[in-house]
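Please have the viewer open as you read.

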Amino acid sequence: MALVNEHFLKLPSNYLFADIAKKVNAFKVSHPHAEVISLGIGDVTQPLCPAVREAMHKAVDEMGSKESFHGYGPEQGYAFLREAIVKNDYLPRGIHLDPSEIFVNDGAKSDTGNIQELVRWDNSIGVTDPIYPVYIDSNVMIGRAGVLQDGKWSNVVYMPCTAENNFVPQLPDKRVDIIYLCYPNNPTGTMITKEELRKWVNYAIKNDTLIFYDAAYEAYIREDDVPHSIYEIKGARKVAIEFRSYSKTAGFTGVRCGYTVVPKELTASTLSGERVPLNPMWNRRQCTKFNGTSYISQRAAEATYSPEGREQVKEVIDYYMNNAKMMHDTLTSLGIEVFGGKNAPYLWVKTPDGSGSWRFFEQMLYNAHVVCTPGVGFGPSGEGYVRLTAFGERNDCEEALERITQWLK
Ligand SMILES: *Cc1c(COP(=O)(O)O)cnc(C)c1O
């Protein structure tokens, strides 16, 4: 008899976006002529830029000829991409990494979910709340999160991020083994200053805590004094793993490419107190369970660093960030409290009159025919907020704002 991993059964079966789809469908059935606009999706809408497409075409042609065909590539990624990452994403910020500290992957979701395999099942974890669900759910699956009680996992330390603390999480008052941070943040769209991040790195050094730092939205940072990488902070290489992705940076959600940085200096402890470097462990893990990202995707990622690629990628990000600004300004002028949207493509909107996330979601759907994402779906501290994304088409975005204005005026 094969026994299942019963930790999976603890996961709530309803997935947030499935619940939303159900409610939207119910609305459409009763309002067949309404045109619904979604400002809820966390996916990009603008096509791949020309430099990326060109690189992909070229790579496909290489794959089609005997002389330049590529079979299995290195599990860690091709040297051309790892070197381009070191040279373009880190060196200009004064961070010196070795290509062997870069692990190319098929997107950040896989590695943010898989990375917890490196640590024992009985480590404690801390997360900012609200949160990108992958961090907790991947820990639930192997039994590290405990059981769900009143919307919280019993073995998870939640660090609330709300308007009251300006979305800056407080250091936990006890030591935690592993902490997940995501900046710029999904879902709140808010950022952390260098000084605040320094507190986390210092906490980690002092408490021997491992930080998993998700920087998937790094390309959206606009303001100064906002760290682009956790390695801008002194000592971070000893305590942090960083995740990046081309998904939101360059519209690669359907192409699949990202990378994980595991510095050579980063170690964790065995039960008997011996320090073990995580870089060779992650390398071993990847070589066993991962067979590399496609050559075509990696050439595509490399193309985002060419002069044309950079320019074109920036244009698309500007497009989304103009949406974000428009949304921020309009909602603010309507007297709604809005957070985020300055260094991230997400706006975190306080529901007026303290109505709940789901209630406001339904009101917006039925009165403006606009879909948002209920904040409570990202964790208990998301109650009383909804998330709007700036990833839509400009026209849709404008139309949605007009309808919201009509509704709330
Ligand atoms: C979109 C996103 C990612 C990236 O996912 P990919 O697998 O690279 O497409 C990672 N972290 C967060 C918080 C995200 O929102």
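Predicted model: local features only at pLDDT ≥ 70, side-chain atom pairs only at ≥ 80, totals over all residues.

## The shell around the ligand

Which of the 14 residues around the ligand come nearest? They are Ala108, Tyr217, Ser245, Ser247 and Lys248.

## Polar contacts and burial

Serine 247 places a polar side-chain atom 2.6 Å from a ligand oxygen, and for lysine 248 a polar side-chain atom is 3.3 Å from an oxygen atom of the ligand. Lysine 109 takes part through its backbone instead, with an N or O atom 2.9 Å from a ligand oxygen.

How much of the ligand does the protein bury? On its own the ligand would expose 380 Å², and 94% of that is buried by the protein. As for its location, the ligand sits in the largest pocket.

## Glutamate 232 in its loop

Now let us turn to the loop that links strand E8 (210-214) to strand E9 (240-245), where glutamate 232 is found. A polar atom of the glutamate 232 side chain lies 2.8 Å from the backbone nitrogen of histidine 228.

What else does glutamate 232 touch, leaving aside residues up to four places away in sequence? Its partners are Arg93, Ile95, Lys194 and Pro227.

## Backbone details in the loops

A few loop positions deserve a look at their backbone angles. As a reminder, most peptide bonds are trans, and most residues other than glycine have a negative phi.

Aspartate 129 and proline 130 are joined by a cis peptide bond, with omega near 5 degrees; proline 130 belongs to the loop between strand E3 (125-129) and helix H5 (134-140). Another cis peptide bond connects tyrosine 183 to proline 184, with an omega of about -10 degrees. Proline 184 is part of the loop running between strand E7 (178-182) and helix H6 (194-207).

Where does aspartate 208 lie? This residue is in the loop between H6 and E8, and, although not a glycine, aspartate 208 has a positive phi, near 55 degrees.

Technical notes. Residues numbered from 1 in each chain as written. Heavy atoms only, no water. Near = heavy atom within 4 Å. Polar contact = N/O pair within 3.5 Å; in protein donor to acceptor, adjacent residues only side chain to side chain. Areas by Shrake-Rupley, 256 points an atom, 1.4 Å probe, with all protein chains shown as cover. 1 Å grid on protein atoms, 1.4 Å probe; cavity = no way out; pocket = protein on both sides within 12 Å on 5 of 7 lines; lining within 4 Å. Sits in = over half its atoms within 2 Å of the grid points. Helix = DSSP H or I, 4+ residues; strand = E, 2+ residues; numbered from the N terminus. Contact = heavy atoms within 4.5 Å.
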